[in-house]
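Good morning, colleagues. I would like to take a few minutes to walk through selected parts of one structure.

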Amino acid sequence: MRYVYGLSTALLLGGATVSLVTGQPAGAQVAQNDQSQMARVVPQQGAPESFADLTAQLQPAVVNIATRQRIEVSANPFAGTPFADMFGGRNSRQPTTREAQSLGSGFIISADGYVVTNNHVINPPGTRATLEEITITMPDGSEYAAELIGADAASDLAVLKIESSKAFPFVTFGDSSKARPGDWVVAIGNPFGLGGTVTSGIVSAVYRNTGSGGAYDRYIQTDASINRGNSGGPLFDMQGNVIGINNAIFSPSGGSVGIGFAIPAEIAAPIVEQLRAGEEIERGFLGVSIQPVSDDLADSLGLPTNRGEFVQSVQKDGAAERAGIKAGDIVTKINGKEVTNEQTLSFLVANIKPGTRIPIELYREGERRTVTATVGKRPTEEELRQQQMFDPDAEPEQAPQADSGAIEESLGLQVIPLTTEIARQLGVSDDTSGLVISAVDPNADAARKGLQRGDIILSANYKPIGTLADFEAVLAEAKKEGREAMLLRIQRRGQPARYLPIRMR
């Protein structure tokens, strides 16, 4: 489960499971929420007297998901500190691995054992983990091995397949677009490892934008208790339909405070079907860096508040540039739909098939204009991270991590190769050769000398640097010669290249 509070992320993981009584027989070939089955348990008017019958009908299709992973860690507990060399041998710099586990929730969507959950349940963010094993635990305590069929980080969805020929109870998606604030909902999942836990509440809001800026930042908000371990579990309406997949909470304490978020079924269901079929998830992309329109900006242009998004920059040769969109434009409509806090530009474009021609309404210097764009294909999350790395409005922690521990240890620099795309963003020619600084240790001499994220290292000790191997070789040679500093030639956007001596540590 992801925490929205403070824009930080943490998995909602739990502990042990509890064996519970099932509802329909495991061999049933009819969906647990088939309307013929639901007629006898669904209250017709007003608030239900009890959720017991509804829960008994649906719970057999909700499962606990446990994973075993292998995570790469440093063998030296003093790595990154001044004591690293004093308390570590030659092999202490070599990475080692440790085993890790995670627990979450999921639900079966077909009799042959396909399971839906969150991507972060099986691929914890912020780790270099290798998934080794997935175990599905049914409400009756029986366990099955499962394989990963497909995962999508952008929507935080994953599809698993239970490795068994047995017929399983299952549930189906409903129409989340009909959900209204005030509607009753029920969540079933594995909070804190307490398997088969049922909570109830209401829909607090629909199409809630949490501010994460992603292509699918649009959630159902609920006050049904959601905690660690609920990730990937279903959110049911009173007809037993899955209208959401529990995904995140807003919390200053780490526990439920009555503000939870679920991925709407209308977004999740098509992606789940594509993952299940082994298809590539394609999303639309314009190639712009955007930010919301502030009240002052809206007032100065005579625009309604909470409408439109401001274009900070335009990607070279991208769909937006080819359509004539420029930095400083305010996009107000995409394909006839207004750009708002609830319907962001990223969300609207991501849900348009690449190659589609769409009209885009915008304001430029106070004038309303309409351009036509052919939507491009959204890059992978890794490619987007590299593109956003040098966005002037991006946070430094969004930068990719260094690939060379030796460079970071000696100079306090994290560096990555200079790709053609990054070169264009930095305003240098495509044939420029060098390494890009993605992060600088504030305690290193490099920081004191003014090096910063986005600087390009062209050479070290007068030797051209084109790859990490080039840099590491020069560094090793300098250490062998007993040097205490390296002379780097640095290129910064809009400035001539210059030499800087950087002391090693």
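This is a predicted model: local features need pLDDT of at least 70, side-chain atom pairs count only at pLDDT 80 or more; totals for chains, interfaces and linings use all residues.

Gln491 belongs to strand E26, which covers residues 485-491. A polar atom of the Gln491 side chain lies 2.5 Å from the backbone oxygen of Gln495. Leaving aside residues up to four places away in sequence, Gln491 touches Val428, Asp455, Ile456, Leu458, Pro496 and Ala497.

Let me turn to strand E10. In a regular strand, side chains alternate between the two faces of the sheet. In E10, residues 219-222, Tyr219 and Gln221 point one way, while Ile220 and Thr222 point the other way, and all are buried. On what sense of pairing do E9 and E10 rely, and over how many bridges? Strand E9, residues 197-208, pairs with E10 in the antiparallel sense over three bridges. There, Val203 stands opposite Thr222 of E10. E10 is also joined by three bridges to strand E13, residues 260-264, and these two run antiparallel. In that pairing, Gln221 stands opposite Phe261 of E13.

Finally, the second largest pocket. Its volume is about 460 Å³. Helix H4 (265-276) and helix H7 (345-350) are the elements that give two or more residues to its lining, and H4 gives the most, with five residues. The lining has 22 residues, and Phe347, Leu348, Ala350, Asn351 and Ile352 lie nearest the pocket centre.

Thank you for your attention.

Terms used
Residues are numbered from 1 along each chain as its sequence is written. Side-chain values use heavy atoms; hydrogens and water are left out. Helices (H or I, at least four residues) and strands (E, at least two) are DSSP runs, numbered from the N terminus. A polar contact is a pair of N or O atoms within 3.5 Å; within protein, one must be able to donate a hydrogen and the other to accept it, and residues adjacent in sequence count only if both atoms are side-chain atoms. Contact means heavy atoms within 4.5 Å. Buried means under 20% relative accessible area, exposed over 50%, partly exposed in between (1.4 Å probe, protein chains only). Two strands pair if DSSP finds at least two bridges between them. On a 1 Å grid over the protein atoms alone, a cavity is a set of points where a 1.4 Å probe fits but cannot get out, and a pocket is an open set with protein on both sides within 12 Å along at least five of seven lines; lining residues have an atom within 4 Å of a point. Grid points are joined across faces, edges and corners, and a volume is the space filled by probe spheres set on the points.
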